[in-house]
Amino acid sequence: MHIHILGICGTFMGSLARLARDAGHHVTGSDAHVYPPMSTQLEDAGIHLIEGYSADNLEPTPDLVVIGNAMSRGNPEVEAVLNRRLPYTSGPQWLRDHILGQRQVLAVAGTHGKTTTTSMLAWILSDAGLNPGFLVGGVPLNLGVSSALGDANAPFVVEADEYDSAFFDKRSKFVHYRPDVAVLNNLEFDHADIFPDLAAIERQFHHLVRTVPGNGRILQAAGESALARVIAQGCWTPVEQFGAATQDGCQWQYHLHDALGQRFTLSYTDPQQGTMQADVQWALHGEYNVRNALAAAAAAYHAGVSLAQSASALSRFKAPRRRQEVRGVVNDIAVIDDFAHHPTAVALTLASWRAMVDQQGHGRVLAVLEPRSNTMKMGALRDRLAASVDDADLSFWYRPAGLGWSLEDVTCATRAPAMICDGVNKLVDALVAEARPGDRIVVMSNGGFENIHQRLLDALAARHS
């Protein structure tokens with residue numbers, strides 16, 4: 001079958017394209033933004049990419065068009081698909097119909113931590129020899145690729161995004177996946193471009209809950225009021241809660257052995273087998289990553305992997321790209337790339353680096369933020385931004401084009417000194433002038449940020465030479 005994908009260079013659609021190719025289909029695709037690393041990965045996989053959208057891209061006529069959720073009416077290629085009455089579907093629907101089938105599906109949902117937790121889960125199952133299929137919204141370093149078919153009879157792990165499916169299907173992507181095991185990691189307001197309020201997102205999460213079979217399992221993070229409201233709307237599946245050992249009612253628990261979250265114990269109380277435990281020591285840090293690890297181990301347990309096996313795999317887990325990723329160190333000044341772009345994620349990320357710097361006994365945390373996401377550009381969460389950088393010694397804010405609200409209002413309210421820069425060159429100059437040995441420069445954005453990480457490393461090296 002010839003499958004043509006609109007918006008093929010997006011993380012989800014690019015991963016989908018690889019799955020389709022591996023399943024034996026002839027795959028082509030078009031996108032307005034054909035550039036590395038996704039374009040390189042797809043071309044290396046033998047997938048023909050077309051820059052820009054046009055009706056001509058539909059020649060020769062594909063058997064099926066898969067339309068990404070970034071596409072909208074008025075796009076010339078979308079209009080040609082509709083006018084010619086070509087068969088089309090959404091990415092999530094195609095995944096359900098052609099890949100997931102009768103496989104055991106393990107889905108990881110939540111406002112934060114989806115990519116990391118999904119990567120952990122896929123790695124645990126792979127390390128246990130199950131050869132799972134998976135689709136991750138990032139690049140898991142242990143696995144090397146963002147998607148794989150795995151064995152036809154093995155579980156399939158999918159990052160379950162709440163964003164909408166397509167212009168013709170406004171349901172959340174995860175409604176299509178029909179998981180046997182669903183991880184509900186957390187839930188906050190986000191995606192203000194498609195959801196009017198938190199209640200609307202809770203409704204979509206409940207649609208997900210409705211699709212989990214009675215002989216499946218829902219793993220719910222403890223202490224999340226929004227998730228409690230979701231479950232209270234009705235649940236027909238056994239629910240197990242996971243959280244810190246200090247939280248009541250959790251069958252799955254973690255206990256920290258150090259302030260960084262690099263040594264911890266995971267435990268599970270099984271109604272038949274009693275309590276089992278396993279210790280983990282790893283390179284990641286931050287309590288939020290420990291909770292992600294617990295969620296992944298819980299899901300893996302319901303796919304047949306013991307807690308001890310999970311702990312062993314987690315001890316060798318490497319964070320996905322753009323999650324606590326140290327891009328380089330110059331003169332003991334580290335430049336870190338992180339995908340954090342929601343106030344909660346920003347605060348958790350900076351808290352983990354604050355603990356790291358405090359332990360080393362010198363240096364500072366310099367936070368660099370680009371309010372780039374649709375939610376940030378709309379200003380829906382701007383009142384929480386100042387407090388999100390409380391753990392930074394200094395914060396540097398990049399003002400992207402089209403920002404419809406005042407960054408000055410935010411920087412005036414921050415606990416520590418803050419600076420606004422209107423250009424990346426100015427931002428790099430300001431950081432280089434300020435940084436000193438021991439500092440950790442934490443760059444947070446959900447975009448490429450004009451390659452600021454390498455530009456910053458080059459500028460630091462030039463100053464130090």
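Trainee: How much space lies in the second largest pocket?

Mentor: About 190 Å³. Bear in mind that the model is predicted.

Trainee: Which residues are closest to the centre of that pocket?

Mentor: Of the 14 residues in its lining, L284, A319, R323, Q324 and E325 are the closest to the centre. By class, the lining has eight nonpolar, two polar and four charged residues.

Trainee: Why is D439 called buried?

Mentor: The cut-off for buried is under 20% relative accessible area. D439 has a relative accessible area of 0%, so D439 is buried. Its place is the loop between helix 14 (424–434) and strand 23 (440–444).

Trainee: What is D439 in contact with, leaving aside its neighbours within four places in sequence?

Mentor: D439 is in contact with D332, I333, A334, G363, R364, L366 and E434.

Trainee: What makes the pair of D439 and R364 a salt bridge?

Mentor: A salt bridge needs a side-chain nitrogen of Lys or Arg within 4 Å of a carboxyl oxygen of Asp or Glu. The N to O distance between the side chains of R364 and D439 is 2.7 Å, and the pair is a salt bridge. The two partners belong to distant parts of the chain, 75 residues apart, with R364 in the loop between helix 10 (343–360) and strand 20 (365–369). As a general point, side chains of opposite charge can pair when their charged atoms come close.

Trainee: Is R364 buried or exposed?

Mentor: R364 has a relative accessible area of 11%. The limit for buried is under 20%, so R364 is buried.

Trainee: How many salt bridges does a search of the whole structure find?

Mentor: The search finds 22. One of them joins the side chains of R399 and D422, at 2.6 Å from N to O. R399 lies in the loop between strand 21 (394–398) and helix 13 (407–411), while D422 lies in the loop between strand 22 (418–421) and helix 14, so the pair ties together parts 23 residues apart in sequence.

Trainee: Why is R399 called partly exposed?

Mentor: Partly exposed falls between the limits of under 20% for buried and over 50% for exposed. R399 has a relative accessible area of 24%, so R399 is partly exposed.

Trainee: How do you know that E450 and R455 form a salt bridge?

Mentor: Their side chains meet at 3.8 Å, N to O, and the cut-off is within 4 Å. E450 is partly exposed, with a relative accessible area of 47%. R455 is partly exposed too, with a value of 27%. Elsewhere, salt bridges that share partners join R322, R327 and D337 into one network.

Trainee: Why is R178 called exposed?

Mentor: Exposed means over 50%. R178 has a relative accessible area of 52%, so R178 is exposed. R178 is found in the loop between strand 11 (169–172) and strand 12 (181–184). Its phi is positive, about 50°, although R178 is not a glycine.

Trainee: Is F449 buried or exposed?

Mentor: F449 stands at 3% relative accessibility. Buried means under 20%, so F449 counts as buried. F449 has a positive phi of about 55° although it is not a glycine. Its place is in the loop between strand 23 and helix 15 (452–464).

Trainee: Which residues in helix 3 are buried?

Mentor: In helix 3 (residues 76–83), E77, V78, E79, A80 and V81 are buried. The buried residues of helix 3 pack against strand 1 (2–6), strand 2 (26–31), strand 4 and strand 5 (88–90). At the start of helix 3, a side-chain oxygen of N75 reaches to within 2.9 Å of the backbone nitrogen of E77. Just after helix 3, R85 takes a positive phi of about 55°.

Trainee: What kind of peptide bond joins E59 and P60?

Mentor: A cis peptide bond, with omega about -5°. P60 is in the loop between strand 3 (48–51) and strand 4 (64–67).

Notes. Residues numbered from 1 in each chain as written. Predicted model: local features only at pLDDT ≥ 70, side-chain atom pairs only at ≥ 80, totals over all residues. Heavy atoms only, no water. 1 Å grid on protein atoms, 1.4 Å probe; cavity = no way out; pocket = protein on both sides within 12 Å on 5 of 7 lines; lining within 4 Å. Points joined across faces, edges and corners; volume = space filled by probe spheres on them. Nonpolar A, V, L, I, M, F, W, Y, C, P; charged D, E, K, R; others polar. Helix = DSSP H or I, 4+ residues; strand = E, 2+ residues; numbered from the N terminus. Buried < 20%, exposed > 50% of the residue type's maximum accessible area, 1.4 Å probe, protein only. Contact = heavy atoms within 4.5 Å. Polar contact = N/O pair within 3.5 Å; in protein donor to acceptor, adjacent residues only side chain to side chain.
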